[in-house]
Amino acid sequence: MSDPNNPNIEKRSTPQWALYQRENFLKANEGKTPPFNTDPIKLEELAREKLSQGGWYYASSNAGMSNTHLANRQAFYRHRIVPRQLVDTNLRDTTTEIFGHKVSAPIGFAPLGINKIYHPAGEVPVAKVAHELNLPYCLSTAGSTSIEEVGEANGSGPRFYQLYMPHDNELTLSLLNRAWKSGFDVLMFTTDTWQLGWRHNDVANSNYAFYRGIGADLGLTDPVFQKRCREAGIDVEKDVVAAATKWIDSIWHGRAWSWETIPWLIEKWKSISGGRPFVIKGIQSVADARKCVEYGVDGIVVSNHSGRQVDGAIASLDALESIVDAVGDQIYVMYDSGVRGASDVVKALALGAKFVFVGRLWVWGLSIMGEEGVRHVMKSLLADFDILMGVGGFNSVKDFDRSILESYPKSYTYIPDKVL
């Protein structure tokens, strides 16, 4: 099962991620078992057992009736991969390049906030594993660990900072400067979350960690925000609930931004970072993608926030096709939303994305077993990706284009027994 003495392994330019399958099969000989089952449904079920009710609701809740979340999965289902046989894939290469960083695969850690509700160590173990596997890590402004601590944990790994932009320019600039000084060299501005979508379980259970004083560490360690608290008569150390409430109300503030702010934000980030890339996350329409090109944005993440913001919205994968057709040769297009395995990654790449981010998979791993859980989930995903390339007849991520798919008309009749 993936012979470790295969002479081709030493000639490959990337690790033989597929060997992780063999490693797990051999564990029984040592009286051990793999950490847990990484089938997405079983992974989610186990995470639910491990998490508090609040942690589970926040991680799993979607906007409204979860129709957008379901549509994301349905869109993946209508595209089928066509494998090729007798292709020499012995020296296949899983690597790609993203904004000057050569990484292990076209797979990154999507920005997810409040990691401390999933595990006491928060974002630190996730950043460590990302570095270990040489995959890009994105830190959310809603992070529950300071920017500096996460940057240190990520070492020399490629890392991006995801911005929820306050209506306070001094605070925004403080966050950008902290991110740059801590080694985050791409700014990812998320545009679909001025306020949380209506998520029934969270609302019904008053489930908002920030209003309990939990998870606001990234903000509470900011010098400008600390100054704002003093101005408001809040002692950050003694009244954490008031400080955390003020923090989250500063970044999920319910006040929309417009395109008019983009030139200012680009100029400030480019000045701080010496010209490093500026990305907008949350693009779903061709019109907005064209606006990004017009405004000089370096990249976009086609994303509907995994169905957590607008219920009944277009599936992100369907949006990807139209956006790539319109601007795919003018801007760096990335994808996230609804990814549950290597075949989903391949489908998004084949439809024109140059890079794919995953979120809930590693969150479930973090919830189940902390750092080791994140490592197991992501090494399993890399092994799945490597094996799919090997047995599917693909030597490089450049082989993934629409010719490898059989795609059926858009249809939303496929209703799985359990919605992921």
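Q: What makes Cys138 count as buried in this predicted model?
A: Buried means under 20% relative accessible area. Cys138 has 2% relative accessibility, so Cys138 counts as buried.

Q: Why is Cys229 called buried?
A: The cut-off is again under 20%. Cys229 has 0% relative accessibility and therefore counts as buried.

Q: What makes helix α3 and helix α17 roughly perpendicular?
A: Angles of 65 to 115 degrees count as roughly perpendicular. Helix α3 (residues 40–50) packs against helix α17 (residues 360–392) at about 90°, with the axes 8 Å apart. The two helices are therefore roughly perpendicular to each other.

Q: Which residues of α3 and α17 meet?
A: From α3 come Leu43, Glu44, Leu46, Ala47 and Lys50, and from α17 Leu361, Trp364, Ser367, Ile368 and Val377. By class, this contact has seven nonpolar, one polar and two charged residues.

Q: Why is α8 called roughly antiparallel to α11?
A: The label applies to angles over 145 degrees. Helix α8 (residues 169–181) and helix α11 (residues 223–231) cross at roughly 150°, and their axes come within 8 Å. That makes α8 roughly antiparallel to α11. In α8 the contact is made by Glu170, Leu171, Ser174 and Arg178, and in α11 by Pro223, Val224, Phe225, Lys227 and Arg228. These residues divide into four nonpolar, one polar and four charged.

How values were computed
Residues are numbered from 1 along each chain as its sequence is written. This is a predicted model: local features need pLDDT of at least 70, side-chain atom pairs count only at pLDDT 80 or more; totals for chains, interfaces and linings use all residues. Side-chain values use heavy atoms; hydrogens and water are left out. Buried means under 20% relative accessible area, exposed over 50%, partly exposed in between (1.4 Å probe, protein chains only). Axes are lines fitted to C-alpha atoms, for helices over the stretch in contact, and angles run from 0 to 180 degrees between N-to-C directions. Helices (H or I, at least four residues) and strands (E, at least two) are DSSP runs, numbered from the N terminus. Angles under 35 degrees count as roughly parallel, over 145 as roughly antiparallel, 65 to 115 as roughly perpendicular and the rest as oblique. Contact means heavy atoms within 4.5 Å. Ala, Val, Leu, Ile, Met, Phe, Trp, Tyr, Cys and Pro count as nonpolar, Asp, Glu, Lys and Arg as charged, and the others, Gly among them, as polar.
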